[in-house]
Amino acid sequence: MFSFFRRKKSSDQSTSDTAQQPEVQVDEQADKQSGVQPEVQPDEQPDEQRFDEQVDAQADAPDIAPEPDAAASPEQQEASPDRAEPDVADVAAATDAASEEAASHAPVDATPPAETAPSASEDAGSSAETAATASDDAISAPETASSAPGADKARESSGGSWLSRLKRGLSRTGQSIGGLFVDVKLDEDLYEELETALIMADAGMEATTALLEDLRTRVRKERLTDPMQARAALRDLITQHLKPLEKDFPLNSAKPLVMMIAGVNGAGKTTSIGKLANAFQERGAHVLLAAGDTFRAAAREQLLEWGSRNNVTVIAQEGGDPAAVAFDAVNAGRARKADVVMVDTAGRLPTQLHLMEELKKIKRVISKAEGSAPHEVVLVVDGNSGQNVLAQIRAFDAAIGLTGLVVTKLDGTAKGGILAAVAAGSQGVRPVPVYWIGVGEGIHDLQPFRAHEFAAAMIGDATS
């Protein structure tokens, strides 16, 4: 009887399994059509294999853009391309996050990793590197200390650069004159070409004639045949010709030494005053400035800026009389025991007679404040002005009596031969000494005039 019921139960189960089999097949066919993977039971595959297969399936699945939110505007939908195309990098980031979460549940080891402790070799290397750095600092320290500029050290430390800038500024003249001595004979053709080059360099007829006559005499007397020897002879002759213009500035000739600075517009008077103030301070002098240029806009502010850079007192009056400013500056310099008082004046053309009369008035007022002042009357001229420099020197010298010159802007298109014309007294000009020449805008680019350096730059001699 029990066997009868057992057979009946098994037959019922087989009948029910047979009835359920078509439903499973139908479900599998529906899943294949919809693209849904069949569900895998947890006990059929390991966890790691199942997780890797899910990641691969997500990576291989076609990119399906999700439907945009109905509330979002078209601009917002276009501005967010990440919503339209999910990147594979996001899946990899999710994988890393899952790995970190799994690692966070792992037991924490109290022993620190071996990599956190620096090795002995790394310690030795870092120590050696530190020692090398310290030795470099020790070597660079005396070099820095030795490079500090002094009064005359500024010219010595930048001597090469100073000469190179001077030769570069007069490169046009140096090439036109020095280039004539290459692969030539010492004949009349060379002398004619030299005459043309010197005249084109603004040397003037007087200086050109004198230099060429002296060169012929030396070549004939010393029996020179090498063009380079003739070139060296010309350099020596130009040096001798310019030697009367070379004069050291008498800084300690009076106390206070009152300087009156004049010149045409744009020659560089105010800038030269600022550079000279720095040069005098490096020689230990106490300097005081007077802003006598009350005509040009911002001239007073420019001189005040130079005074601030050099830590120098500036006597100034807004809109005041330039003669009154000069008078107050001289009295202030005497009261404060200054060594040098420099008075700036407004730029003016020599043809402006009323302005030249005003310049004479400033000089008279300075003489009332100090009987022997002004001790130095310096004219600032632009080296690019050519033969016009002679007219400026002649006019200002007749009005206020010049004692020295400052030639600026020799770093541009200046020819330089104008100083040879001044030394020769061309056009009735008195050979006024040249105190300083400028070849740049730097504070140390204004240096005392040296005849041999200028002569070497004029003929393009790189050996001097």
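1. Patches here are made of residues with over 30% relative accessible area and no salt bridge, like charges being joined within 9 Å and nonpolar side chains (Val, Leu, Ile, Met, Phe, Trp, Tyr) within 5 Å. A salt bridge is a side-chain nitrogen of Lys or Arg within 4 Å of a carboxyl oxygen of Asp or Glu. Asp and Glu count as negative, Lys and Arg as positive, while His and the chain ends are not counted. The place of a charge is NZ of Lys, CZ of Arg, CG of Asp or CD of Glu. Areas come from the Shrake-Rupley method with a 1.4 Å probe, and for residues only the protein chains shown count as cover.

2. The model is predicted: local features need pLDDT of at least 70 and side-chain atom pairs count only at pLDDT 80 or more, whereas totals for chains, interfaces and linings use all residues. Residues are numbered from 1 along each chain as its sequence is written, and side-chain values use heavy atoms, with hydrogens and water left out.

3. Asp187, Asp189, Glu192, Glu193 and Glu195 form a negative surface patch. Glu195 sits in helix H9, residues 188-200 (helices, H or I, of at least four residues and strands, E, of at least two are DSSP runs numbered from the N terminus). Glu195 has 32% relative accessibility and so counts as partly exposed (buried is under 20%, exposed over 50%, partly exposed in between, with a 1.4 Å probe and protein chains only).

4. Strand E4 (residues 340-344) is largely enclosed by the rest of the structure, because 5 of its 5 residues are buried. Val340, Met342 and Asp344 cover one side, Val341 and Val343 the other, and all are buried.

5. E4 pairs with strand E1 (residues 257-263) in the parallel sense over 5 bridges (pairing requires at least two DSSP bridges between two strands). Leu257 stands opposite Val340. Strand E2 (residues 287-290) also runs parallel to E4, joined by 4 bridges, with Leu289 as the bridge partner of Met342.

6. Two cis peptide bonds deserve a mention. Lys255 and Pro256 are joined with omega about -5°, Pro256 lying in the loop between helix H11 (227-242) and E1. The bond from Ala373 to Pro374 is cis with omega near -5°; Pro374 is in the loop between helix H15 (353-369) and strand E5 (376-382).

7. Asp183, which is not a glycine, has a positive phi near 55°. Asp183 is in the loop between helix H8 (171-178) and H9, and its 77% relative accessibility makes it exposed.
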